[in-house]
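Please consult the sequence and the structure shown here while reading.

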Amino acid sequence: MTKITFIEFDGTERSIDAENGQSLMRSAVDNLVPGIDGDCGGACACATCHCYIEGPLAEKLLEIGETERSMLEMAEGVTAASRLACRITVSGDLDGLVVRTPQGQH
């Protein structure tokens with residue numbers, strides 16, 4: 001299990017134990033984290049799992065692929081720290097990851 005901390009738009013922090021090998025989106029949805037909807041179920045087809053990955057652990061993530069980049073174009077409030085949680089696989093290398101959720105998913 002990998003410890004992930006989600007910080008909601010209002011500043012509320014929620015730490016979860018995420019299962020290694022599972023997507024960050026599935027981990028958030030399974031743990032009822034507000035702000036990560038995952039409407040497409042992880043197919044990278046909706047951008048409702050848009051989140052912000054900040055800090056040194058962001059460097060451990062795989063680069064953004066073309067499909068993810070295309071989906072992020074549909075999200076609001078995209079920054080250099082924006083990622084889709086469905087494209088991030090939880091692993092022990094990400095223990096302590098901090099994920100911020102946007103004001104809303106559209």
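## Basis of the description

A contact, as the word is used in this report, means heavy atoms within 4.5 Å. Among contacts in the protein chain between residues at least 6 apart in sequence, 63% join residues at least 24 apart.

The model is predicted, so that local features need pLDDT of at least 70 and side-chain atom pairs count only at pLDDT 80 or more, while totals for chains, interfaces and linings use all residues. Residues are numbered from 1 along each chain as its sequence is written, and side-chain values use heavy atoms, with hydrogens and water left out.

## Fold and dimensions

The protein chain contains two helices and five strands, arranged along the sequence in the pattern β-β-α-β-α-β-β. These elements are DSSP runs, numbered from the N terminus: helices are H or I of at least four residues, and strands are E of at least two.

The radius of gyration of the protein chain is 12 Å, which agrees with the value near 13 Å that a compact globule of 106 residues would have. That radius is taken over C-alpha atoms, and the globule rule is 2.2 Å times the number of residues to the power 0.38. Along the principal axes, the C-alpha atoms fill a box of roughly 30 × 30 × 25 Å.

## Surface and charge

Of the 106 residues in the protein chain, 43% are buried. Buried means under 20% relative accessible area, exposed means over 50%, and partly exposed lies in between (1.4 Å probe, protein chains only). The accessible surface of the protein chain comes to about 5600 Å², and 46% of this surface belongs to carbon and sulfur atoms. Accessible areas come from the Shrake-Rupley method with a 1.4 Å probe; for residues, only the protein chains shown count as cover.

The protein chain carries 8 positive and 17 negative charges, whose mean positions are 3 Å apart. Lys and Arg count as positive and Asp and Glu as negative, whereas His and the chain ends are not counted. The place of a charge is taken as NZ of Lys, CZ of Arg, CG of Asp or CD of Glu.

## Cysteines

A disulfide is defined as a pair of cysteine sulfur atoms within 2.5 Å, and by this rule the count is zero. For Cys46, the closest cysteine sulfur is that of Cys40, at 3.6 Å, which is too far for a bond. Cys46 is buried, with a relative accessible area of 15%.

For Cys86, the closest cysteine sulfur belongs to Cys49; the separation of 3.8 Å is likewise too far for a bond. Cys86 counts as buried, at 9% relative accessibility.

## The loop between α1 and β3

Ala43 lies in the loop between α1 (24-30) and β3 (50-53) and is exposed, with a relative accessible area of 53%. Its C-alpha atom is 23 Å from that of Leu97, a residue 54 positions away along the chain.

Most residues other than glycine have a negative phi. Leu32, although not a glycine, has a positive phi of about 55°, and Cys44 also has a positive phi of about 55° without being a glycine.

## Glu68 in helix α2

Glu68 is part of helix α2 (residues 66-72) and counts as buried, at 4% relative accessibility. Not counting residues up to four places away in sequence, Glu68 touches Cys44, Arg83, Leu84 and Arg87.

## Strand β1

Ile4 belongs to strand β1 and counts as buried, at 0% relative accessibility. Beyond residues up to four places away in sequence, its contacts are Arg14, Ser15, Ile16, Ala18, Leu24, Leu94, Leu97 and Val99. Ile4 and Leu72 are 68 residues apart in sequence, and their C-alpha atoms are 22 Å apart in space.

Thr5 also lies in strand β1 (residues 2-7) and counts as buried, at 13% relative accessibility. With the exclusion of residues up to four places away in sequence, Thr5 touches Glu13, Arg14, Ser15, Leu97, Val98 and Val99. Thr5 and Ser15 are ten residues apart in sequence, with 4.2 Å between their C-alpha atoms.
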